[in-house]
Amino acid sequence: MKKFLAILVALSLGTAAQASDEKYGEHVATLDATIKTLYSVISGDAGVERDWDLFRYLYQPGGRLMPSGKRPDGTVSMQVLSPEDYIERSASFLIDNGFHEQEIGRKVDTYGTITQVFSTYEARRKLSDEEPFMRGINSIQLLNDGKRWWVVSVFWMAESEEHPLPEAYID
């Protein structure tokens, strides 16, 4: 009986993964599609629910999100979040306030199956906002397994007076 249940669970997980591939596969078929999806899946007007299943689908199992910045006392810190941690921490803020993050520059380095992207961004509450309320750089590490692109990690820092965005990272 235990073997039967194990097989049933494995088959259902395989079927769920296949359904996700069919539903979301085009979002991770190319590097460009993966980066565009990473930005679009967290973006939306206030009151708009995000597609958290697509967000989860982007990440390699064990993937991480790591915001960095200065604490009020001036020390530098970072947090390490799983995709689930990010959803728990950010979902209500994104929906309550509106948040549109857009890429404004990209530098890419690839070696074999790994790619590092320095992706410069700006964020607005509404797309119609004249000025962004925040800019910064996402350091995105990706893996291409020959079938699709996986986000392994996103490590980011917002622009500050002390660290303005270098022109070299803005297209």
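I began with Arg106 and looked up its bridge partner in β4, which is Ser119. I take helices as DSSP runs of H or I with at least four residues and strands as DSSP runs of E with at least two, numbered from the N terminus. The model is predicted, and in it local features need pLDDT of at least 70 and side-chain atom pairs count only at pLDDT 80 or more, while totals for chains, interfaces and linings use all residues. Residues are numbered from 1 along each chain as its sequence is written, and side-chain values use heavy atoms, with hydrogens and water left out.

**Strands around β4**

I then followed the pairing of strand β3 (residues 100–111) with β4, where 11 bridges join the antiparallel strands; two strands pair if DSSP finds at least two bridges between them. In this hairpin, 2 residues lie between the strands, and I noted a positive phi near 60 degrees at Gly112. I also looked up the link from β4 to strand β5 (residues 134–144), which is antiparallel as well and has 10 bridges; here Tyr121 stands opposite Gly136 of β5.

Why is β4 largely enclosed by the rest of the structure? I found that 8 of the 11 residues of β4 (residues 114–124) are buried, so the strand is largely enclosed. Buried means under 20% relative accessible area, with exposed over 50% and partly exposed in between, for a 1.4 Å probe and protein chains only.

**Helix α4**

I turned to α4 (residues 83–97), whose 15 residues reach 20 Å from the first C-alpha to the last, close to the 21 Å expected; the expected span is 1.5 Å times one less than the number of residues. Where is the kink in α4 centred? I located it at Ser90, with a value of about 45 degrees, the bend being the angle between axes fitted to the seven residues ending at a residue and the seven starting there. Ser90 is also among the buried residues of α4, which include Tyr86, Ile87 and Leu94. The buried residues of α4 pack against α2 (31–42), α3 (52–58), β1 (59–70) and β6 (149–158). Just after the helix, Gly98 takes a positive phi of about 75 degrees.

**Whole chain**

Of its 171 residues, 36% count as buried. Among contacts (heavy atoms within 4.5 Å) between residues at least 6 apart in sequence, 53% join residues at least 24 apart.
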